[in-house]
Amino acid sequence: MDWKEVTIYTTTAGVEPVAALLEENGVEGYVLEDAADFQEFLKDTEIYWDYVDEGLVREKTTQETCLKIYLPDDDAGAAQLAGIRGALENLKARDAENAWGRLCFDTGVTRQQDWEWGWKQYFKPFPVGRTFLIKPSWETVEDAGGRRILEIDPASSFGTGSHDTTQLCMAALEACVKPGDKLLDMGTGSGILAIAAAMLGAEVRAVVDIDENCLKTARENAEKNRVSIGRGLCGDALRNDALAREIGDGYDIIVANIVADVIIGMAPMFFAKLAPGGTLICSGILNERADEVRAALEASGLSVASHESSDDWSAFVARK
């Protein structure tokens with residue numbers, strides 16, 4: 001079945017009445033694109049960003065607020081759209097101060113194959129480090145060439161293994177992990193690093209992320225690879241003392257593929273949570289910020305053992 005994408009233009013103030021209108025016409029879900037939400041997101045999560053592309057900020061903060069819905073491209077969908085059109089016209093007539101924006105819509109057709117499956121052509125199995133072969137669940141590998149197959153799906157969360165920072169961390173894990181090492185994954189995303197560590201023989205005690213959906217995805221990906229990744233803990237350990245305590249300590253290895261500012265802020269915490277002789281593997285660091293991160297790690301009491309880099313990104317291995 002093909003689907004009709006309907007984009008309804010409104011304002012931040014108009015989101016609630018338009019959403020209510022949609023529900024009255026049998027639409028149970030929508031995608032909201034709201035510049036106000038993007039600005040609030042940037043403000044609330046500023047600590048997690050090394051940079052934000054200026055073009056993206058300009059695009060998101062100047063775009064018109066809209067709600068996108070998908071209706072079947074058939075007679076039933078056409079009838080539903082006609083009802084929505086009439087309801088929007090009635091809503092517009094009630095909006096004497098024009099507070100709810102244009103209240104009109106554009107339509108386009110999205111094919112089922114493009115909607116659900118089209119992106120899959122871009123993700124094929126590929127090697128990472130000395131021992132891993134990353135593959136999506138729908139691909140079959142006849143000959144892995146002696147590599148460990150790590151199965152991950154790109155639609156799930158951040159971390160498919162293709163980004164330089166993930167590959168730098170995986171190579172460091174290959175070099176550092178010993179069977180039985182107690183490991184903590186800070187900022188787990190899709191769980192790929194925790195899964196790789198478990199496949200190398202680590203005892204993954206906990207994975208942490210600020211997004212509950214990431215923890216769900218990480219658990220699902222771990223199950224696909226038949227490994228355990230320990231407890232899933234959600235929140236910001238820099239700002240939540242209870243979470244920081246719950247994470248515990250005595251870890252042989254901590255892996256943190258986050259961003260420079262968070263690594264700098266967490267450096268004393270990493271030191272405290274490592275066992276004597278323990279290892280921190282960290283990346284997500286732009287090369288131009290590597291010196292700042294090194295200084296923070298050393299100031300916390302850690303000793304930098306290695307610094308690896310790609311064209312744009314750096315990774316550190318540091319020991320307590």
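Here are a few labels, each set against its definition.

Author: This is a predicted model; local features need pLDDT of at least 70, side-chain atom pairs count only at pLDDT 80 or more, and totals for chains, interfaces and linings use all residues. Residues are numbered from 1 along each chain as its sequence is written, and side-chain values use heavy atoms, with hydrogens and water left out.

Reader: Why is Asn-257 called buried?

Author: Buried means under 20% relative accessible area (1.4 Å probe, protein chains only). Asn-257 has 10% relative accessibility, so it counts as buried. Asn-257 sits in strand E11, residues 251-257. A strand is a DSSP run of E, at least two residues.

Reader: What makes the pairing of the Asn-257 and Thr-165 side chains a polar contact?

Author: The cut-off is a pair of N or O atoms within 3.5 Å, one able to donate a hydrogen and the other to accept it. The two side chains meet at 3.3 Å. Asn-257 also has a side-chain polar atom 3.2 Å from the backbone nitrogen of Gly-284. Thr-165 is one of the buried residues of helix H6.

Reader: How do you know that H10 is roughly parallel to H11?

Author: Helix H10 (residues 260-273) and helix H11 (residues 290-299) pack at about 15°, with axes 8 Å apart. Angles under 35 degrees count as roughly parallel. Therefore H10 is roughly parallel to H11.

Reader: Which residues make the contact?

Author: Contact means heavy atoms within 4.5 Å. H10 supplies Ala-260, Ile-263, Ile-264 and Ala-267; H11 supplies Glu-292, Val-293, Ala-296 and Leu-297.

Terms used: Helix = DSSP H or I, 4+ residues; strand = E, 2+ residues; numbered from the N terminus. Buried < 20%, exposed > 50% of the residue type's maximum accessible area, 1.4 Å probe, protein only. Axes fitted to C-alpha atoms, helices over the stretch in contact; angles between N-to-C directions. Parallel < 35°, antiparallel > 145°, perpendicular 65-115°, else oblique.
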